[in-house]
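This report covers the nonpolar cores and strand pairing of the structure shown below.

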Amino acid sequence: MKKRENEAVIKMADLSFAYPSRDYVFKKLNFNFFQGERIGLVGSNGSGKTTLFHLMMGLLHPAEGKIEIFGKERKTENDFIEVRERIGLVFQDPDDQLFSPTVAEDIAFGPLNLRKNQKETQKILKETLEALSLSGFENRITYNLSYGEKRLVSLATVWAMQPEVLLLDEPTIWLDEETIAKIVQILNSQPHLSYIIISHDKQFLKKTTDSIYLLNKGKIDRTLFL
Amino acid sequence: MINVIKEKFSEGDSILHSLDPRVKIIVALLFSVMVAVSEKYTSLSGALLFAIGTVALTGLRTKEIISRLFMVNSFIFLLWLMLPFTFPGKNIYTLGSLNISQEGIRYALLITIKSNSIILSGIALLSTSSIFNLIHALRHLYFPDKLTQLFFFTYRYAQTIHSEYIRLNNAIKIRGFKAQTNFHTYRTYAYLVGMMLVRSYDRSQRVYQAMLCRGFKGKFWTLNHFAFKKSDLVTGAIMISGIIGLVLLP
């Protein structure tokens, strides 16, 4: 399955990045992600998995190299506005993600930012809650939810924006088997969704992804071993 | 402070709890302005009664209301210690080398009545809505976006800082920390405060980033719109005419 490089949705070329007063996280990293791919991203703690996501979303900026997303080079804050509307990143800690009083308002935050009208937003809200089997959670207070519920709701907040690509940062961490099974089922119910999942959970990756990439010593490579 | 953050008073089902927050904000604003500028004792005592009356309508626990009033009145107590002795005016009593002036007492009394009336009306009208409803209401009343967002995030992060504090405090407690008068205690508290600030700053950054990732461009859009009921109109009209009546008192 050889794809032409210019078809890549996310294209990172010769990317270098370092946090202040620390050694390089990436040096000349090359990575291409294509529409329809479902990949897992593994690597040891501190290997830069989350940093890679943050570079894709423009939350961090590379020292060197080129980031091309949806066929356009992305450099400035303004370039990334479109990226953020079309790629959804779910943070590792749901307490970072949820800030509105009620579940409904938090889920509606994204669609409203996309300037959907009230009627559309209500429809999206209803569909999202159904898709993630969260119906009935509309008026729950976000900070009173259990941890597992918070995780599902923070997935819902990004899901509601109907992103073309989903970036999930450790979606199963600290979750029980039942909730993990639920996430597997949600992801597999959308065969056309593209996503990258950072995870240490091999069982989970086997069930949800088609290929695995290993991030090691600032390089990223497809790996056969899991 | 913590009770304010937790919005304890916003839970309830009295008339005032279900009143449209927009009406409450307008009434509270009118009332506060009226009380602040009025100099007439009749109007002001009427206002105090009005404020006590509205608080009574909320059905909140008297004990908790008094504890909130206590905070405010401890500041006012300081005024009572100063004003009667320092305000120039007719001398009515001499206490050693200190003169107590009539104007000073009058002034302190006015301040006491005014601030208590405003606080009470605030408890009755504003604290009976959740902060988020108040913010929505402000937005519907065409308050500037920047001010409402400032209000929202101040509240949101007061909560965040508080929860960071609890976490850190638990972390030091489970390792057997006991506050004493020694250098170790001071240093631990200094670390606690420093860590709290750093952590809440980090968290606020992450929350902001998460908001950016969901297409936030500096403007909040509201999901729920308030439905203005007939009863809101009636209650609002009664309260506003009450306030106007107080102004017109001789």
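## Nonpolar cores

In this predicted model, A:Leu89 touches A:Phe53, A:Met57, A:Val158 and A:Leu167, and also B:Cys213 of the other chain letter, when residues up to four places away in sequence are not counted. The largest nonpolar core has 63 residues, and A:Leu89 is among those with the most contacts inside it, together with A:Ala156 and A:Leu167.

In soluble globular proteins, nonpolar side chains tend to be buried together.

## The sheet of chain A

Six strands of chain A form an open sheet with mixed pairing, in the order 6-7-8-3-9-10. Strand 6 (87-90) and strand 10 (219-223) of chain A are the edge strands, each pairing on one side only. From one strand to the next, the twist averages 20°.

Helix 1 (residues 49-56) of chain A packs on this sheet, where it touches strand 3, strand 6, strand 7 (165-169), strand 8 (194-198) and strand 9 of chain A. The direction of helix 1 makes about 150° with that of strand 7 of chain A.

Within the sheet, strand 3 (residues 38-42) and strand 9 (residues 211-216) of chain A are paired in the parallel sense over four bridges. A:Val42 has A:Leu214 as its bridge partner in strand 9 of chain A.

## The hairpin of chain B

Strand 1 (residues 91-95) and strand 2 (residues 98-101) of chain B run antiparallel and are joined by four bridges. B:Tyr93 has B:Ile100 as its bridge partner in strand 2 of chain B. The two strands form a hairpin with two residues between them. In the turn, B:Gly96 has a positive phi of about 60°.

How values were computed
Residues are numbered from 1 along each chain as its sequence is written. Chains are lettered from A and ligands numbered from 1 in the order in which they are written. This is a predicted model: local features need pLDDT of at least 70, side-chain atom pairs count only at pLDDT 80 or more; totals for chains, interfaces and linings use all residues. Two strands pair if DSSP finds at least two bridges between them. Axes are lines fitted to C-alpha atoms, for helices over the stretch in contact, and angles run from 0 to 180 degrees between N-to-C directions. Two residues are in contact if their C-beta atoms, placed from the backbone, lie within 7 Å. A nonpolar core is a set of buried Ala, Val, Leu, Ile, Met, Phe, Trp, Tyr and Cys residues joined through C-beta atoms within 7 Å. A residue is buried if 20 or more other C-beta atoms lie within 10 Å of its own, exposed if 12 or fewer, and partly exposed in between; C-beta atoms are placed from the backbone.
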